[in-house]
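Here are some notes to read alongside the model. Please keep the sequence and the structure open while you go through the points.

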Amino acid sequence: DLVRSRGLGDVYKEDNQPNQGLFGVSSGHILDLNLYGSIASTEENIGGIVGSNSGTIETCTNHSNITGNYYVGGISGQTNNGNVINCSNTGNITGLSTDSENLSRVGGIVGYKLGTGQIETCTNAGNINGQTQVGGIVGGNDGNILECTNNGIVSGTVEFTGGIVGTTGSGTLTRCDNYGKVIGIESVGGLSLYTSDAADEGLGV
């Protein structure tokens, strides 16, 4: 299924349920959306375009402020076996979680990326705030990130704060640039703070 639109009016959602976004859950192809307004929840998988994504999101821009508990992103809260391509975020993204059992995983594009597929040629200019695993592009990464750029301020209140990714586990990080300020208490890096079994290549500041 293909969803395509050049522009939307302001969208305001406040619903304390998981999987919140313009679309709650998507396994289809979402193309050419521009989102304004705000989305807020006290649960997980909260994104501007999609809460939980297993499809493809392409050429979409989020200008909305997004607030969620954990797995919070400007485009998608969580992307599992899906793609996010040529998307951008200018909204402020906030993860509320203070629970050590549920890492906040907050990102300018995707909160938590796992499985197959990749995040490619995406840009963040919004301010990103969370507790643990906070990144300008992705909070927690177990996927592939290619040619992405962060220009926003990234702030983590506990640990694992990075200009591109908070942490990278089994994924890859290739030709990514961070030009934003990164602020954290412990384990702070220009690109990705913690890397395990992953390939990293890029420019850090």
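1. Serine 155 has isoleucine 183 as its bridge partner in β25, and asparagine 129 has serine 155 as its bridge partner in β22. Strands here are DSSP runs of E with at least two residues, numbered from the N terminus.

2. Strand β22 (residues 154-162) and strand β25 (residues 182-183) run parallel and are joined by 2 bridges, while β22 also pairs in the parallel sense with strand β19 (residues 128-135), over 6 bridges. Two strands count as paired if DSSP finds at least two bridges between them.

3. This is a predicted model, in which local features need pLDDT of at least 70 and side-chain atom pairs count only at pLDDT 80 or more, whereas totals for chains, interfaces and linings use all residues. Residues are numbered from 1 along each chain as its sequence is written, and side-chain values use heavy atoms, leaving out hydrogens and water.

4. Serine 64 lies in the loop between β9 (61-62) and β10 (65-68), and it is buried, with a relative accessible area of 1%, where buried means under 20% (1.4 Å probe, protein chains only). The side chain of serine 64 reaches the backbone nitrogen of glycine 37 at 3.1 Å. Beyond its neighbours within four places in sequence, serine 64 is in contact (heavy atoms within 4.5 Å) with residues including Leu35, Tyr36, Asn89 and Ile93.

5. The structure holds 0 disulfides, a disulfide being a pair of cysteine sulfur atoms within 2.5 Å. For cysteine 60, the nearest cysteine sulfur is that of cysteine 87, 4.8 Å away, and cysteine 60 is buried at 0% relative accessibility.

Key
Helix = DSSP H or I, 4+ residues; strand = E, 2+ residues; numbered from the N terminus. Buried < 20%, exposed > 50% of the residue type's maximum accessible area, 1.4 Å probe, protein only. Polar contact = N/O pair within 3.5 Å; in protein donor to acceptor, adjacent residues only side chain to side chain.
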